[in-house]
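Colleague: I would like to know what stands behind the terms used for this structure. Please show it first.

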Amino acid sequence: MEFISEYKRSIEIVLWFFIAFFGFQVYNSVNAPIEFNKIKNERYLKVIDKLKDIRNAQIAYKSVNGVYSDSFEGLIKFIDTAQYTLIQKRDSSYMKYDRIYRIDMLQEVVVIDTLGFASVKDSLFGSSERYKLLAEVPIEGVDQMFEIKADVIDKNGYNVPVFEVRVSKDAILFDQNKDLLKQEKALMSVDGVNGPSLVLGSMSEVSTNGNWPTTYDAIARN
């Protein structure tokens, strides 16, 4: 009888072990995607905030230089030193003698006055020094830089400046569940960040937009 009792106790222990094991598996299968999405969204927001800073800097760079910067070194140097020209446009008019009709005719013109200059750094970043780290992916544990490209392409017969900045989801979510990361990289949805990377701009289209949905814009810092 004692042997049977010990045998039953052993069976119960084994059964409880399997119950606990499968219970954990069920819990993990439900909880893992929830935790993955929470971490993913937190990190995406940080990256998107940085990409918005890069976009603002690139737009300022183009307004002064006519093209986009193809390096973060050049972009940061520009922010440190460049100035906007502050102008004011006003309508004006004057009388001009017309030799054909032999009368004075009213000529309307737009006069552009230069009011002064403003620092690009102060205009975009105020007293913040965060622009000096524009190249760095803002995720703890990620020792990686954004990829940046710029060029001038032919678009319908016009030469148009374009740029692109990207970082892979592999880098952003480097320490997360590999199966869930694989699914995230293959994502094609209007509510998500499609493809294997977060991307700002395009090397084939005239765009300064990112490939993230507007739901992230509503939460992000900028």
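Colleague: How many helices and strands does the protein chain have?

Modeller: The chain has six helices and five strands, where helices (H or I, at least four residues) and strands (E, at least two) are DSSP runs numbered from the N terminus. This is a predicted model, in which local features need pLDDT of at least 70, side-chain atom pairs count only at pLDDT 80 or more, and totals for chains, interfaces and linings use all residues. Residues are numbered from 1 along each chain as its sequence is written, and side-chain values use heavy atoms, with hydrogens and water left out.

Colleague: Why is Met105 called partly exposed?

Modeller: Met105 has a relative accessible area of 32%. Buried means under 20%, exposed over 50%, and partly exposed in between (1.4 Å probe, protein chains only), so Met105 is partly exposed. Met105 lies in strand β2 (residues 103-119).

Colleague: What makes the nonpolar surface patch?

Modeller: Ile100, Tyr101, Ile103 and Met105 make a patch of about 460 Å². At 32%, Met105 passes the area cut-off.

Colleague: How do you know that strands β3 and β4 pair?

Modeller: Pairing requires at least two bridges found by DSSP. Strand β3 (residues 147-155) and strand β4 (residues 158-168) have nine, in the antiparallel sense, so they pair. Asp151 stands opposite Val162 in β4. Two residues separate the strands of this hairpin, where Asn156 takes a positive phi near 55°.

Terms used:
Patch = residues over 30% accessible without salt bridge, like charges linked within 9 Å, V, L, I, M, F, W, Y side chains within 5 Å. Areas by Shrake-Rupley, 256 points an atom, 1.4 Å probe, with all protein chains shown as cover. Salt bridge = Lys/Arg side-chain N within 4 Å of Asp/Glu carboxyl O.
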